[in-house]
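Colleague: I am new to this structure and would like to learn how to read it. Could we go through it together?

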Amino acid sequence: MRPEDLLLPTPSGLYCPPGDFHVDPTRPVARALITHGHADHARAGHGAVLATRETLAIMAARYGEGFAGTTQAATLGQTTRIGDADVTFHPAGHVLGSAQIAVSAKGLTIVASGDYKRRSDPTCRGFEPIGCDVFITEATFALPVFRHPDPKAEIEKLVTSLAQFPERTHLVGAYSLGKAQRIIKMLRNAGRNDTIYLHGSMEKLCRLYEAEGIALGPLSPATVAVGTKSEFAGAVVVCPPSEIAERWARRFADPVSCFASGWMRIRQRAKQARVELPLILSDHADWDELTATIEEIAPAQVWVTHGREEALVRWCALKGMAARPLHMVGYEEEAD
């Protein structure tokens, strides 16, 4: 069996003919396997969805209980037979419930990584390298310029700024699924125990994380109804990055604009977004993590998708590894 007979890119996403299912389809399909709950990978409207229990809960929270015709929870490490293919979910280390999906048939195994990272994250299971014939890797930060610093050091920058400017509100722009909860948990681990305030769009998923056993400490809505500008002085407010420069931000005391993202490595992006305190904190693997992961797994082939595909394909070629870009569309880069 050729790899393309087991998984192939289509306009709807990766498709498995032996199992008649798609992985992270970009449009409604009859049967979908979902790696994680971010909206560009987990869409509503599929006939049947197989994903981890946590990812199913995230999809229900975002889209409502009827987001798919039927759902089935995948147990990590447990193999499920679908048609003529075997499917196994393994931790990806991206966000709560995220998983790589291993698809096997006739002695051939392909692992679709979804999105992943190798850094420690107190809010989700860590990535597990899985031996395979073909490894499908993301490439969001697949350029040598992207080398993420120590996450704890980035959180310490925020803690230091809070101590230096106790009269100012720190607005931390972060994606609502994964990044927001990771920042809150890391702040707790760094010793910050007072109330952290949330933009309304953050509340539902933070409560979901807490229901999954991830304690986030005292949280409160960041609304004028619960306080005046002076009461937010010295506070941390977690919000979508788009709100930092909007009218909504003016309710807070001389706000310090922060943005937690791997893209903050590029100073021009921070400047354009008018970010005062850039925090280089990513939920995706950086260049060194991507290349180290490929070397560790040592697959016969590497397929590269959604991101800086050509650079990673070139690196593989220089290492004597067979690689190809998939040129798939429909997966966003800006959310990190």
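Colleague: Is Arg182 buried or exposed?

Modeller: Buried means under 20% relative accessible area, exposed over 50%, and partly exposed in between (1.4 Å probe, protein chains only). Arg182 is buried, at a relative accessible area of 0%. This is a predicted model: local features need pLDDT of at least 70, side-chain atom pairs count only at pLDDT 80 or more, and totals for chains, interfaces and linings use all residues. Residues are numbered from 1 along each chain as its sequence is written, and side-chain values use heavy atoms, with hydrogens and water left out.

Colleague: With which residue does Arg182 form a salt bridge?

Modeller: A salt bridge is a side-chain nitrogen of Lys or Arg within 4 Å of a carboxyl oxygen of Asp or Glu. The partner of Arg182 is Asp121, with the closest N and O atoms 3.9 Å apart. Asp121 lies in the loop between β10 (108–112) and β11 (134–139) and Arg182 in helix α4 (residues 179–189), so the pair ties together parts 61 residues apart in sequence. Helices (H or I, at least four residues) and strands (E, at least two) are DSSP runs, numbered from the N terminus. Asp121 is buried too, at 9%.

Colleague: What about Lys157 and Glu154?

Modeller: Their side chains meet in a salt bridge (3.1 Å, N to O). Lys157 and Glu154 are three residues apart in helix α3 (residues 151–164), and therefore separated by about one helical turn. Lys157 is partly exposed at 32%, whereas Glu154 is buried at 6%.
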